[in-house]
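Here is a short briefing for a reader meeting this structure for the first time. Look over the sequence and the model before reading on.

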Amino acid sequence: MTEDDKIRATNADSLRRDPTFQFAVLEARKAALEELATIDPSNTDAIRAAQAKVKAIDQLTTELAAIIIRGTPQRQNPAV
């Protein structure tokens, strides 16, 4: 793990814990899901576009978690 990994992990963790960021992510995901729920089932292009929005938002939070994991030292299990 590099020093940059540690810095990115710290920044990602701060971002993930930020109430405004949390609110923005939740609101964006909620809006995308609401859009998906109201699309005409025969409009497959719109369905795919709305699904892509939800997937992108989910990927953002997944990537933040991965950055945090990569930049966090592994805990050593005590010898038993």
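The model is predicted. Three helices carry this briefing: α1 covers residues 3-17, α2 covers 19-38 and α3 covers residues 44-70. Two packed helices are described by the angle between their axes and the distance between the axes. Each pair is taken in turn below.

**Helix α3 on its own**

- Helix α3 has 27 residues, and at 1.5 Å a residue they should span 39 Å.
- The end C-alpha atoms of α3 are 38 Å apart, which agrees with that span.
- The buried residues of α3 are Ala50, Val54, Ile57, Leu64, Ile67 and Ile68.
- These buried residues pack against both α1 and α2.
- An α-helix has 3.6 residues a turn, so residues three or four places apart point the same way.

**α1 against α3**

- The axes of α1 and α3 come within 7 Å and cross at roughly 140°.
- The crossing of α1 past α3 is left-handed.
- Helix α1 contributes Asp5, Arg8, Ala9, Ala12, Asp13, Leu15 and Arg16 to the contact.
- Helix α3 contributes Leu64, Ala65, Ile67, Ile68 and Arg70.
- By class, the α1 and α3 contact has 7 nonpolar and 5 charged residues, with no polar ones.

**α2 against α3**

- The axes of α2 and α3 come within 8 Å, and their crossing angle is roughly 155°.
- The two helices are therefore roughly antiparallel to each other.
- Helix α2 passes α3 in a left-handed crossing.
- On the α2 side, the contact holds Phe21, Val25, Ala28, Arg29, Ala32, Leu33, Glu35 and Leu36.
- On the α3 side are Ile47, Ala50, Gln51, Lys53, Val54, Ile57, Asp58, Leu60, Thr61 and Leu64.
- The residues of this α2 and α3 contact divide into 12 nonpolar, 2 polar and 4 charged.
- Leu64 of α3 takes part in the contact with α2 and in the contact with α1.

**α1 against α2**

- The axes of α1 and α2 come within 5 Å and cross at roughly 70°.
- The pair is therefore roughly perpendicular.
- Leu15, Arg16 and Arg17 of α1 meet Pro19, Phe21 and Gln22 of α2.
- This contact of α1 with α2 counts 3 nonpolar, 1 polar and 2 charged residues.
- Leu15 and Arg16 of α1 are in the contact with α2 and also in the contact with α3.
- Phe21 of α2 meets α1 and also takes part in the contact with α3.

- Ile69 sits in helix α3. Ile69 has a relative accessible area of 57%, over the 50% cut-off, so it is exposed.
- Ile69 and Asp13 are 56 residues apart along the chain, and their C-alpha atoms are separated by 9.8 Å.
- Phe23 belongs to helix α2. With a relative accessible area of 52%, Phe23 is exposed.
- From Phe23 to Asp58 is 35 residues in sequence and 14 Å in space, C-alpha to C-alpha.
- Glu27 is also in helix α2. Its relative accessibility is 33%, so Glu27 counts as partly exposed.
- Glu27 and Asn11 lie 16 residues apart along the chain, with 22 Å between their C-alpha atoms.

How values were computed: Residues numbered from 1 in each chain as written. Predicted model: local features only at pLDDT ≥ 70, side-chain atom pairs only at ≥ 80, totals over all residues. Heavy atoms only, no water. Axes fitted to C-alpha atoms, helices over the stretch in contact; angles between N-to-C directions. Helix = DSSP H or I, 4+ residues; strand = E, 2+ residues; numbered from the N terminus. Left-handed = near helix turned anticlockwise from the far one by under 90°. Contact = heavy atoms within 4.5 Å. Nonpolar A, V, L, I, M, F, W, Y, C, P; charged D, E, K, R; others polar. Expected span 1.5 Å × (residues − 1). Buried < 20%, exposed > 50% of the residue type's maximum accessible area, 1.4 Å probe, protein only. Parallel < 35°, antiparallel > 145°, perpendicular 65-115°, else oblique.
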